[in-house]
Amino acid sequence: MAIEYRPWRDGDDLALLEIWGDPDTGEARQFRGALALSSNGRDGTPWRRCIVAEDVIDGVGIPVAAGVVYEASLHPERLWTYIEVARDHRRAGIGASLLTMLRREAENAPSGVTRLRAKVEPGTAGAAFAEAFGLEPIQRSRLVVVEPGALRLPVFPAKDGDGAAGGENAGSDVVMDLATGSVELTDVVGRYYTAIHDWDSPGVLSVGQVQKLFLDELTGAHGAIVLRAEPESAFGAGVAPSKKGRIRAFAVSYAAPAGPDAAPAHLQTPGAETTGADIPTDVFVGHEPALSAADAAEAVRDMLALIAYQHPVMLELDDSMTALRAAVEPLLESGKARLAAAETLVVSD
């Protein structure tokens, strides 16, 4: 076996797919798309270096492996890297050679950043490779489905004695629909995302970036509800409220796959009808970062109880999401929630 290395060329993706076959993991499915022509970071494209390993047989090179390292505008303190080797060419030093080359290329990244990060699934060949070459876990992420009725509905103060759709005796000033384009929602979503990623800073997020990442139509964002503190009065205690309470927790729903059996894309609230199959709705749940740990845990639990009242929801649970973990992990233990996919580790040198 004679292995030679060269830069990525057009057509390598199709040649490698024939050799690799279906991806082994969700990470492979995700990061294969990052394998592309090298770029110097101009014209709005990220800096990227991509290398292909060829097995040369009778003077003809057949692509069998590839690796890439590239800059990211989000979480700019590390470079993403991904390496994949054909199953019948593993344990032959090809992956190690690619990683050495990529680390050398990383030394010339325009940003000056050289630290690498990657995603792996525990117990896989990729996880073993990362560990062998000094990439250690810095975060764990799980995709969790919360079953309907897993949490008891919260009780909120009523407005003029009338109940609202948010929960038993829920005041409409406490649980509210909010447009995904809301500046107020954008602000709290951006600050929450930054707060839960102190382990891998996303940098300074502008309003436009937060919209593009989480709330724009292109993300599939369909609707949002917020849980507010009790309304306040600008004229002191005992006077009718004149201000909306501050957002304590939020939930953004994302459009479900189209089709006759697709679940409704909007967030289900008590009293809402459910049609089609019970396909979980993808949601992003968070809270005001300034809340105390106890208040944040309560707010997130109440929000989760509302949106999962009649319909299952699916959410990403990172270990850094302490308030969400406090609500979800007991449900996993009791069987009222389940993992939707294998857990993922973000590893770094």
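Predicted model: local features only at pLDDT ≥ 70, side-chain atom pairs only at ≥ 80, totals over all residues.
Residues are numbered from 1 along each chain as its sequence is written. Local features need pLDDT of at least 70, side-chain atom pairs count only at pLDDT 80 or more, totals for chains, interfaces and linings use all residues, and side-chain values use heavy atoms, leaving out hydrogens and water.

**Exercise 1. Find which residues of helix α1 are buried and which are exposed.**

Step 1. Helices (H or I, at least four residues) and strands (E, at least two) are DSSP runs, numbered from the N terminus. Buried means under 20% relative accessible area, exposed over 50%, partly exposed in between (1.4 Å probe, protein chains only).

Step 2. Take the buried side. Asp12, Leu16 and Trp20 of α1 are buried. They cover an arc of only 55° around the axis, so they lie on the same side of α1. That arc is taken from the directions from the helix axis to the C-beta atoms.

Step 3. Turn to the other face. Leu14 and Glu18 are exposed there, on the face turned away from the buried side.

Step 4. Ile19 is partly exposed, at a relative accessible area of 37%.

**Exercise 2. Which strands pair with β10, and how buried is β10?**

Step 1. Look for partners. Two strands pair if DSSP finds at least two bridges between them. β9 (residues 221–228) pairs with β10 in the antiparallel sense over 7 bridges. β11 (residues 281–287) also pairs with β10 in the antiparallel sense, over 6 bridges.

Step 2. Locate opposite residues. Ala221 faces Tyr254 in β10. Phe250 stands opposite Gly286 in β11.

Step 3. In β10 (residues 247–254), 8 of the 8 residues are buried, so the strand is largely enclosed by the rest of the structure.
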